[in-house]
Amino acid sequence: MPTRRSLLAGSAAIAGSAVLSAPYVSRAYAAETLKFWQFYAPGGEVKPQVDWFTTMVDSWNAQNETKVELVYVPNSEYMSGSKLSTAFASGQGPDIFVISPGDFLRYYNGGVLLDLTPFITAEAQADFPEGVIASRKVDGKIYGVPMELEPMAFYYSKKAFEDAKLGESDIPKTWDELLEVAKKLTTGDRYGVLFETNPGYYQNFTWYPFMWQGGGEFQDASGKSAFNSPGVVQALKLWQDAINSGAAPRQLLGGGGGDIAANLGSGYCAMQNVGIWGISAMDNNAKDVPYGIFKLPVPAGGKYVTVGGGWAFVANAKGANTEQSGKFVAWALASMEKDSIQREVDWCTVAKSDMPTRTSALKLGGEAFQKGNLGIFSRDILPGTRGEPRLPPEVYKIISDAIQQTQLGGADPQATAAAASQQLDAFLATYKGAPML
């Protein structure tokens, strides 16, 4: 299914940052119709998501003189970042688009995000928990409205566990147990566990909780690098050990580590590190495969933490009609009208499987978020969620390189963390953009 998870290569991120730092060229035409770029509709492959977007836009267009047009950008093109960056550099950036927290600073620092605060009532602003909205705010102003909250967990094949004579009591709770169970689940044609191996924002996103669980951070309170730490080193080593033991693959199927149907669903792996969207992906694409879900295991002496990401609607500050673009985003996802709240519920329970970003939506959805696999996320996984960091492309790339060098390149985790920390300090000493979170 098309999600944020295919994801951006480091070179594209750096290139995009450079493109957006160039002088912006305003549009030379007054567009009567607002262009909304995203990778869901009308050409997407997941019908409930296509329907959600088209129904939303049809409803707006029926009520407003200024129309919105959905512009579908294939997932691979959107995630590479090149098409969006090129459009902005040429003055043809979309009026409305979607971004993840990991890419927020590229666009905010590039000066292309519209301040949405004036379009959102105080009551609606308070409806978004601070932990959810913080990564989309700068100096108290809102520059993006999140449509979902997507925590990470592990999914496992019940059949693979049965074949290995393992039961629920064998579900790993520690990193050592995770590797031990993964080895038992590994066969000639199946890997025991799967982590993302493709470099990009998604790989970083999925690695962060392992860093946090052992107390690791990329930056300390003084603004200097904290990357050369035991928590970082052991997280790099865990992913390296999984590969070196033969229990985890170097090459992934389908869309990569976020594509659960192509990997766990096909029997390619027995346990897969995936987010909450995996529920709907399995229901839609591997409905006959029995599976279970468990929260991320923790290292010795560590604490449970997972990471929560998700996409947000944003508007172009240099667009042809910023007033209507801002109104559309607020109407769609940040109004106290029941239709707006219901839209969030429908996205999280019908179009996808996600946790809502609004208190009112969680209340309105009621039982839907408390039963079945969504209930497992609500009760067991969500309480330990920490928001996805927002980092400049340069910082993301340094971390991405460290993960790749250790996971697949066989580099020493301690030496790699130390070298990356020096690179981070060099960049952080000159960074002038919005705060990193």
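Helix 7 (130–133), strand 10 (306–309), helix 16 (359–365) and strand 12 (385–387) each give at least two residues to the lining of the largest pocket. Helices here are DSSP runs of H or I with at least four residues, strands are runs of E with at least two, and both are numbered from the N terminus. Before going on, note that this is a predicted model, in which local features need pLDDT of at least 70 and side-chain atom pairs count only at pLDDT 80 or more, while totals for chains, interfaces and linings use all residues. Residues are numbered from 1 along each chain as its sequence is written, and side-chain values use heavy atoms, with hydrogens and water left out.

Let us stay with the pocket for a moment. Its volume is about 460 Å³. Of the 28 residues in its lining, Gly-131, Val-132, Leu-149, Thr-385 and Gly-387 are the closest to the centre. A pocket is an open set of points on a 1 Å grid over the protein atoms alone, where a 1.4 Å probe fits, with protein on both sides within 12 Å along at least five of seven lines; lining residues have an atom within 4 Å of a point. The volume is the space filled by probe spheres set on the points, which are joined across faces, edges and corners. Strand 12 supplies the largest share of the lining, 3 residues. By class, the lining has 13 nonpolar, 9 polar and 6 charged residues (nonpolar: Ala, Val, Leu, Ile, Met, Phe, Trp, Tyr, Cys and Pro; charged: Asp, Glu, Lys and Arg; polar: the others, Gly among them).

Now turn to helix 11 (residues 230–244), which packs against helix 18 (residues 393–407) at an angle of about 35°, with the axes 8 Å apart. Axes are lines fitted to C-alpha atoms, for helices over the stretch in contact, and angles run from 0 to 180 degrees between N-to-C directions. Leu-236, Trp-239, Gln-240 and Ile-243 of helix 11 make the contact with Ala-402, Ile-403, Thr-406 and Gln-407 of helix 18, where contact means heavy atoms within 4.5 Å. These residues divide into 5 nonpolar, 3 polar and no charged.

Helix 11 also packs against helix 19 (residues 413–428), at about 130° and with axes 9 Å apart. The two are therefore oblique to each other. Here Val-232, Val-233, Leu-236, Lys-237 and Gln-240 of helix 11 meet Pro-413, Gln-414 and Ala-417 of helix 19.

Another pair to find is helix 14 (residues 322–333) and helix 15 (residues 338–351), with an angle of about 70° and axes 6 Å apart. These helices are therefore roughly perpendicular to each other, a label for angles of 65 to 115 degrees; under 35 is roughly parallel, over 145 roughly antiparallel and the rest oblique. Ala-330, Trp-331, Ala-332 and Leu-333 in helix 14 touch Ser-340, Arg-343 and Glu-344 in helix 15.

Finally, look at two loops. Pro-42 lies in the loop between strand 1 (33–38) and helix 2 (47–63), and the peptide bond from Ala-41 to Pro-42 is cis, with omega near 5°. Asp-139, in the loop between strand 4 (137–138) and strand 5 (141–142), has a positive phi of about 55° although it is not a glycine.
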